Amino acid sequence: MLLFIVRRVLTGVALIVVVTALTFLLIYAGGANVAANLLGETATSEEIAAKAAQLGLDRPPALQYGEWLGQAVTGDLGTSYFTGQSVFDAVTQRMPVTLSLVIVSLVLIVVFGVVIGVVQARLGGPVDATLQVGSVVGFALPSYLIGLGLVVFVALPLPGVFPATGYTPIGTPFSGWIAGVTLPAIALAVGGVAAISTQIRGAILDVLRTDYIRTLRSRGISARAGFFQNALRNAAGPALTVLSLQTIGMLGGAVIIERIFALPGVGVLAINASLVGDVPVVMAVVGFLVVVVVVVNLIVDLLQGWLNPKARIDV
C-alpha cells in the first residue's frame, strides 16, 4: 500500500510539472504582448522589446520555466507585474474564499446527493420518478443560470438574510460567513447533487439485485440491515469516483460563481490576471488548482481501497 501511495504521489508530481510547463510555454510565447500590456497602447516597439528584456521574457522559454519551477518549489511565486504584490500573498489571501465555496458545496453534494439517492432506491415508484426528473433538470441547468436565479429570487428579496454580493471571513462572524457562501455554494452544488444521487440510486439497485444480497436475506438478515451494511457501502465506491470528478469540475465552475456573487476568490484573480497578461499570477493559480486535483484524486484512491478491499493494492 505504501508503494502504491508513493507511485500516486510521483504521478501527481509529474502531472503538476507537465500542466504548469504547458501553461508556461503557452503564456510566455506571447512575451511581447505581456510587455505591451504593461506599457500601454502608446508604447513603441523598442520600448516593448526593452520591457520584455527587463522581465526576462526574451530568454528561451525552457530556461524561464526552469527558473520559475525552482523558485516555486521554495515558495517564491514571484511578484505581480501590475500590482507589485507578492503572488504568494495574493493567492493565499484569496484561497480561503474559493476553498470555502468548494468545501460547502461538497458538503451539500454529499448530504443531499446520498439522501436523495437512497430515498429513490428505497421507495421507488412516483417518488423515484419525480426525483429522477428533478435530477435531470438540476444536472442540465448551468451553475451560472442557477446563481443568477438565486440572486434575483432569493438574495434581492431577502437582503438581510442572504447577501447578493461580497464575502464575510469565517471568523467575523460565523453566521455572516455562512450567509455569504450559502447561495453561491447551492448554485455550484446543484449539478453535483443530481449526479451523485443518480449514481447512488443506480449503484444501490445494482447491488440489491446481486446474488450475495439475496443470499444474505435467505439467511435471515433483514432487508434494512442488508441495505445499509452492504448495498450502501458497495455503492459508495462509484459515488466517490463521481464526487472526485465533481470536485475538479467545481474548481472551474467556481470562477463563474465568484464573478456572479462578487466573491474575491482565486477564480476572479485568475480571470483578471489572464486579461492583462499577469503571468506570475496565472502560473500560481494554475499550480494551485493542479495541486488540489492531485490531492483530491489521491484521497479518493485511498477511500476506494478502504471501502472496497478488492481495490486495495498490497505490496
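The following dialogue examines a predicted model of a protein and the reasons for the terms applied to its parts.

Student: Why is Ser197 called buried?
Tutor: A residue is buried when its relative accessible area is under 20%. Ser197 has a relative accessibility of 1%, and therefore counts as buried. Its place is in helix H8, residues 174–208.

Student: How do you know that the side chain of Ser197 makes a polar contact with Val193?
Tutor: The cut-off for such a pair of N or O atoms is 3.5 Å. The side chain of Ser197 reaches the backbone oxygen of Val193 at 2.9 Å, so the pair lies within that cut-off.

Student: Which residues does Ser197 contact, leaving aside its neighbours within four places in sequence?
Tutor: They are Gly113, Ile116, Gly117, Gln120 and Ser135. Each is called a contact because heavy atoms lie within 4.5 Å.

Student: What share of the residues of the protein count as buried?
Tutor: Of the 315 residues, 40% count as buried. In helix H11, residues 266–276, the buried residues are Val266, Gly267, Val268, Leu269, Ala270 and Ala273. Just after H11, Gly277 takes a positive phi of about 75 degrees.

Student: How do the contacts of the protein divide by distance in sequence?
Tutor: Among contacts between residues at least 6 apart in sequence, 73% join residues at least 24 apart.

Student: How much of the accessible surface belongs to carbon and sulfur atoms?
Tutor: The accessible surface comes to about 16,300 Å², and 69% of that belongs to carbon and sulfur atoms.

Student: Which residues lie nearest the centre of the largest pocket?
Tutor: Ala72, Leu77, Gly287, Phe288 and Val291 lie nearest the centre, among 17 lining residues. Helices H1 (2–28), H4 (61–73), H5 (87–123) and H12 (279–307) each give two or more residues to this lining. H12 gives the most, with 5 residues. The volume of the largest pocket is about 380 Å³.

Student: What is the predictor's confidence in this model?
Tutor: The mean pLDDT of the protein is 82, and 88% of its residues reach 70 or more.

Note on methods: Residues numbered from 1 in each chain as written. Predicted model: local features only at pLDDT ≥ 70, side-chain atom pairs only at ≥ 80, totals over all residues. Heavy atoms only, no water. Buried < 20%, exposed > 50% of the residue type's maximum accessible area, 1.4 Å probe, protein only. Areas by Shrake-Rupley, 256 points an atom, 1.4 Å probe, with all protein chains shown as cover. Helix = DSSP H or I, 4+ residues; strand = E, 2+ residues; numbered from the N terminus. Polar contact = N/O pair within 3.5 Å; in protein donor to acceptor, adjacent residues only side chain to side chain. pLDDT = per-residue confidence, 0-100. 1 Å grid on protein atoms, 1.4 Å probe; cavity = no way out; pocket = protein on both sides within 12 Å on 5 of 7 lines; lining within 4 Å. Points joined across faces, edges and corners; volume = space filled by probe spheres on them.
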